[in-house]
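Colleague: Could you take me through the charged side chains of this model, one step at a time?

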Amino acid sequence: MRLNVRPHQVFLLHETPSAADRLATFVLPNDRTPKLLETAVLVALLKALDARRVLEIGTLWGLQTLNLAANLPDDGHVWTLDLGDEDLAQAQLDARDRVIAGLPRTDGSATRAFEDPRWRDRVTKLTGDSTRFDFAPLYGSMHLVYVDGGHDARTVASDTRHAFALLDPSRPGAVVWHDDGNPHHPDVAAWLDQVGRERDVFHVGETMVAFALNHAAGALARPLA
Ligand SMILES: C[S@@+](CC[C@H](N)C(=O)[O-])C[C@H]1O[C@@H](n2cnc3c(N)ncnc32)[C@H](O)[C@@H]1O
């Protein structure tokens with residue numbers, strides 16, 4: 001089913017004994033960063049799931065990668081995949097994605113955001129086209145997968161299929177999508193409507209974030225349903 005939740009409902013999933021345990025770390029926003037509320041929702045899910053292993057599809061400048069890495073425990077790790085230069089020519093991208101994929105690989109800084117010496121050990125950069133990348137060695141090992149790569153129907157369908165296979169079924173986990181409801185990327189919402197026929201997909205109000213929890217996260221899902 002497709003369900004709507006409010007951001008605070010997601011924040012409340014992270015139950016903590018004290019305010020200090022709810023502290024989070026974000027890159028302060030400007031016109032190039034991910035939206036603050038969307039990042040907060042993503043980080044709340046990360047913390048509610050006690051996630052330690054995260055995979056992101058679609059790195060771009062590595063800003064959300066940095067937000068993810070900075071909110072993991074010391075033993076946490078993020079894998080982030082983006083097209084390499086040689087993939088760009090062959091990748092099937094819609095017009096808007098081709099513009100974004102063709103942008104310089106940093107936001108003007110010398111390196112991608114997560115390549116700062118304070119965070120880079122927490123991140124593994126993967127290169128390739130997600131529709132052809134061999135995710136199999138990582139299947140069953142992730143606690144959260146963030147799908148924010150290509151936005152055409154074929155790519156979102158393929159990335160979603162891999163994302164669920166990447167989750168570790170033995171512990172709580174989530175697939176999170178960006179651009180649900182983005183008028184520039186209508187295929188995302190259309191595909192999530194399909195996913196919603198088989199499982200609960202939660203759209204977070206005031207954002208373009210949607211997520212699905214795995215079976216082991218059933219206790220977390222109950223207050224949302
Ligand atoms: C919207 S940006 C990602 C933004 C990033 N997640 C953030 O919030 O900071 C989308 C990225 O996905 C990449 N991409 C598009 N199609 C892809 C594909 N088939 N495989 C891997 N990466 C892809 C693009 O190169 C682009 O960098």
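Predicted model: local features only at pLDDT ≥ 70, side-chain atom pairs only at ≥ 80, totals over all residues.

Colleague: How many salt bridges does the structure hold?

Modeller: Side chains of opposite charge can pair when their charged atoms come close. Counted with a cut-off of 4 Å between a side-chain nitrogen of Lys or Arg and a carboxyl oxygen of Asp or Glu, the salt bridges in this structure number 11.

Colleague: Is Asp180, which meets Arg2 in a salt bridge, buried or exposed?

Modeller: The side chains of Asp180 and Arg2 come to 2.9 Å, N to O, and they link distant parts of the chain, with Asp180 in the loop between β6 and α7 and Arg2 in strand β1. Arg2 has 29% relative accessibility and therefore counts as partly exposed. For Asp180 the relative accessibility is 2%, and because buried means under 20%, Asp180 counts as buried.

Colleague: How many residues apart are Glu206 and Arg6?

Modeller: The side chains of Glu206 and Arg6 meet in a salt bridge at 2.4 Å, N to O. Glu206 lies in the loop between β7 and β8, while Arg6 lies in the loop between β1 and α1, so that the pair links distant parts of the chain. Glu206 counts as exposed at 61% relative accessibility, whereas Arg6 is partly exposed at 39%.

Notes: Residues numbered from 1 in each chain as written. Heavy atoms only, no water. Helix = DSSP H or I, 4+ residues; strand = E, 2+ residues; numbered from the N terminus. Buried < 20%, exposed > 50% of the residue type's maximum accessible area, 1.4 Å probe, protein only.
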